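Me: I am new to this structure and would like to learn how to read its features. Could we take them one at a time?

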Amino acid sequence: MQCASKLVLKLKVDDPLDAFAVHGEGVERVVHLELQHQLPEYSYNGLGSHGFVYPGDKPDLLGVQVAAIAIILAWVGGTSTILFASLRLLGVLRVPADIEEAGMD
């Protein structure tokens with residue numbers, strides 16, 4: 001998580017909660033799970049799939065993990081777009097300029 005946090009700071013991205021670092025590391029760990037998955041008998045999917053690093057007849061977890069990440073990103077992106085577009089159309093997404101200048105806290 002340290003690397004992602006430092007990257008966000010270097011790119012000067014406004015992320016006070018470090019949300020990118022937390023979620024970006026989560027995506028990275030999902031991919032590493034596939035790469036380090038050892039033996040088919042430890043497979044949680046019951047199909048005997050495992051990662052590319054270890055020998056076996058079904059090294060297909062990378063595709064499953066990448067597809068899961070894509071589905072999650074599509075769902076979150078789609079629902080967030082609907083939510084924020086609706087708020088923008090209703091005019092409640094931002095505070096008025098005078099209140100923003102004065103400060104919200």
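Reply: Let us begin with one residue of this predicted model. Val-13 counts as partly exposed, because its relative accessibility is 47%, and partly exposed residues fall between the buried cut-off of under 20% and the exposed cut-off of over 50%. Val-13 sits in the loop between helix H1 (2–10) and H2.

Me: Which residues form a nonpolar patch on the surface with Val-13?

Reply: Residues can join a patch when their relative accessible area is over 30%. Here Leu-7, Leu-11 and Phe-20 form the nonpolar patch together with Val-13, and the accessible area of the four comes to about 390 Å².

Me: What is the phi of Lys-12, and where is Lys-12 found?

Reply: Lys-12 is not a glycine, yet its phi is positive, at about 60 degrees. It belongs to the loop between H1 and H2. Lys-12 is classed as exposed because its relative accessible area is 76%, and the cut-off for exposed is over 50%.

Me: Which class, buried, partly exposed or exposed, applies to Asp-18?

Reply: Asp-18 has a relative accessible area of 24%, so it is partly exposed. This residue also lies in the loop between H1 and H2.

Me: How should I read the largest pocket, and which helices supply its lining?

Reply: A pocket can be described by its volume and by the residues that line it. The largest pocket has a volume of about 180 Å³. Helix H2 (19–36) and helix H3 (61–90) each supply at least two residues of its lining, and H3 gives the largest share, five residues. Among the lining residues are His-23, Val-27, Ile-69 and Leu-73.

Me: How many residues of each class are in the lining of the largest pocket?

Reply: The lining has six nonpolar and three polar residues, and no charged ones.

Me: How many salt bridges does a search of the whole structure find?

Reply: The general idea is that side chains of opposite charge can pair when their charged atoms come close. In this structure the search finds one salt bridge. It joins the side chains of Arg-94 and Glu-100, with 3.0 Å from N to O.

Me: Are these two partners buried or exposed, or in between?

Reply: Arg-94 is exposed, because its relative accessible area is 60%. Glu-100 has 42%, so it is partly exposed.

Technical notes: Residues are numbered from 1 along each chain as its sequence is written. This is a predicted model: local features need pLDDT of at least 70, side-chain atom pairs count only at pLDDT 80 or more; totals for chains, interfaces and linings use all residues. Side-chain values use heavy atoms; hydrogens and water are left out. On a 1 Å grid over the protein atoms alone, a cavity is a set of points where a 1.4 Å probe fits but cannot get out, and a pocket is an open set with protein on both sides within 12 Å along at least five of seven lines; lining residues have an atom within 4 Å of a point. Grid points are joined across faces, edges and corners, and a volume is the space filled by probe spheres set on the points. Helices (H or I, at least four residues) and strands (E, at least two) are DSSP runs, numbered from the N terminus. Ala, Val, Leu, Ile, Met, Phe, Trp, Tyr, Cys and Pro count as nonpolar, Asp, Glu, Lys and Arg as charged, and the others, Gly among them, as polar. Patches are made of residues with over 30% relative accessible area and no salt bridge: like charges are joined within 9 Å, nonpolar side chains (Val, Leu, Ile, Met, Phe, Trp, Tyr) within 5 Å. Accessible areas come from the Shrake-Rupley method with a 1.4 Å probe; for residues, only the protein chains shown count as cover. Buried means under 20% relative accessible area, exposed over 50%, partly exposed in between (1.4 Å probe, protein chains only).
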